[in-house]
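Could you look this one over with me before we go further?

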Protein chains: 2
Amino acid sequence: MTRGPEKQFDTEIALAKAMEVFWAHGYEAASLSELLKNMGIGKKSLYDTFGNKRSLFLKALEHYANSIIRDMRNCLAAAGSPLGNLKQLLRNVQKIHSQPGSCGCMLGTNIADFNTDDEAIANVMRGYLRQVEDVFTATLVRAQAAGEISPDANPRNLARLLLCATQGIALLGRVMDDDTTLEGAVTAAISLLDCR
Amino acid sequence: MTRGPEKQFDTEIALAKAMEVFWAHGYEAASLSELLKNMGIGKKSLYDTFGNKRSLFLKALEHYANSIIRDMRNCLAAAGSPLGNLKQLLRNVQKIHSQPGSCGCMLGTNIADFNTDDEAIANVMRGYLRQVEDVFTATLVRAQAAGEISPDANPRNLARLLLCATQGIALLGRVMDDDTTLEGAVTAAISLLDCR
DNA sequence: GAAAAGATTGAACAATCGGTCTAAGTTAAG
DNA sequence: CTTAACTTAGACCGATTGTTCAATCTTTTC
């Protein structure tokens, strides 16, 4: 079997810690020294385990995206009214990003941070954003089938608007010092969804 | 009077060039070497004229914000229906950020780029965002007075939603390779504004 | 105990960062 | 022409970037 000592750190925990750093500061501004400090491992261990900074970031991004998409699905697939669940989700988004020290969505922050012509990263980002859009769409389709939103509404386009709006909310939450802006935006969105 | 040779470059043009670099890459990723190359001046001239990188950024940000807020006002204050003007603005936003090579909104990009605890920068950002919100609000108030949107609507909150949505649109435009997402989002927004 | 395999530490790498400063060049006033 | 004021290009600074690597340590197998 394996020879030599076991790893002195948990790969998953280290990855989660790395994710926090990339989340808070974005790819470029997340320095190796801060990553290492937060992950609690040495340089060589990082490179042996995760490759390099870029592939560590990709793994952390995957960890993040899978996590929030799972949470979204859980929230929106809850029993009861699809529209009610959607409203609840929007309120949750508002609450999370209104908290002081909130650092936005890791996807959005790094869309801004990465060079726009980095196609490899852009493709990964697009994939995750598309998943979010799809989750919104599926919920809106069910809401429409249940008669909760207008039969004339276009669920796919509505989902795209929700995607843009939530990304904007997460972004603005990074800089706003009170929650009136985010609260108002979500209130307006909910009231528009109710208008049939 | 003044002695010695005149400046060999135009301060305003150099500032506009600096703005382009900060716009495309964000504060951190905009290196001095690229700034100097694009501005076409020497290091010493930059530091003598603009102070340092940070104050150059603040001047460039001011230049950008004043410019887009002026454009917004022009578009929304045009003759005719306030709601019609607003729809036109949203379509313009979509078109701009759908173009290949689009690098988003300089405000949004740098909200993501800057450390969240940099209060000085955050305050400047908040000021500009608030101005955008106010322009949206004023237009919606006029649209409401003209009976173009529901008398029950809350113009301030609607403006906050439009602020978040447009920031999200600008952000996603950086990474999207086709315009279906942005087109759908704006279409949904316009159709929601029409729902009374 | 010897040897092999894996993990860790920390020194060193070249490159680049933002920023400073000296030396040279240019122009206007006296 | 001299001199003072101003601009410019570019060498230079220490610090930090991401990355590599040799040496050391620890544990398991034979």
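Here are my points, starting with conventions and ending with single residues.

1. Ground rules. This is a predicted model, where local features need pLDDT of at least 70, side-chain atom pairs count only at pLDDT 80 or more, and totals for chains, interfaces and linings use all residues. Residues are numbered from 1 along each chain as its sequence is written, chains are lettered from A and ligands numbered from 1 in the order in which they are written, and side-chain values use heavy atoms, with hydrogens and water left out.

2. Fold of chain A. You'll find 9 helices and 0 strands in chain A, and the pattern along the sequence reads α-α-α-α-α-α-α-α-α. Those elements are DSSP runs numbered from the N terminus (helices are H or I, at least four residues; strands are E, at least two). The C-alpha trace of chain A spans about 65 × 45 × 30 Å along its principal axes.

3. Burial and contacts. Of the 196 residues in chain A, 51% are buried. Buried here means under 20% relative accessible area, with exposed over 50% and partly exposed in between (1.4 Å probe, protein chains only). Take the contacts in chain A between residues at least 6 apart in sequence: 67% of them join residues at least 24 apart. A contact is heavy atoms within 4.5 Å.

4. Surface and charge. Chain A has an accessible surface of about 9,100 Å², and carbon and sulfur atoms own 51% of that. The areas come from Shrake-Rupley with a 1.4 Å probe; for residues, only the protein chains shown count as cover. On charge, chain A carries 21 positive and 22 negative side chains, and the centres of the two sets lie 5 Å apart. The count takes Lys and Arg as positive and Asp and Glu as negative, leaving out His and the chain ends, and each charge is placed at NZ of Lys, CZ of Arg, CG of Asp or CD of Glu.

5. Aromatic pairs. W23(A) is partly exposed at 25% relative accessibility, whereas Y64(A) is buried at 4%. Over in chain B, F22(B) and Y27(B) have ring centres 6.0 Å apart and planes at 10 degrees, so that pair is stacked; F22(B) and Y27(B) are both buried. For the cut-offs, rings of Phe, Tyr and Trp (its six-membered ring) pair if their centres lie within 6.5 Å, with planes under 30 degrees apart counted as stacked, over 60 as edge-to-face and the rest as tilted.

6. Cluster and lysine. F22(A), Y27(A), F57(A) and F114(A) make up one aromatic cluster. K53(A) lies over the face of Y27(A), 4.6 Å from the ring centre. In chain B, the charged end of K53(B) sits over the ring of Y27(B), also 4.6 Å from its centre. The test wants NZ of Lys or CZ of Arg within 6 Å of the ring centre and within 35 degrees of the ring normal.

7. Helix α6. What does α6(A) pack against? In helix α6 (residues 106-113) of chain A, 8 of its 8 residues are buried, including M106(A), N110(A) and D113(A). These buried residues pack against α1, α4, α7 (119-145) and α8 (155-173) of chain A, together with α6 (106-113) and α8 (155-173) of chain B.

8. A cross-chain spot. T181(A), in helix α9 (residues 180-194) of chain A, is buried at 5% relative accessibility. Setting aside neighbours within four places in sequence, T181(A) contacts L172(A), M176(A), E133(B), R160(B) and L163(B). E133(B) sits in helix α7 (residues 119-145) of chain B and is buried at 2%.

9. One more arginine. R91(A) is in helix α5 (residues 82-98) of chain A and is partly exposed at 28%. Not counting residues up to four places away in sequence, R91(A) touches E183(A), V186(A), T187(A) and I190(A).
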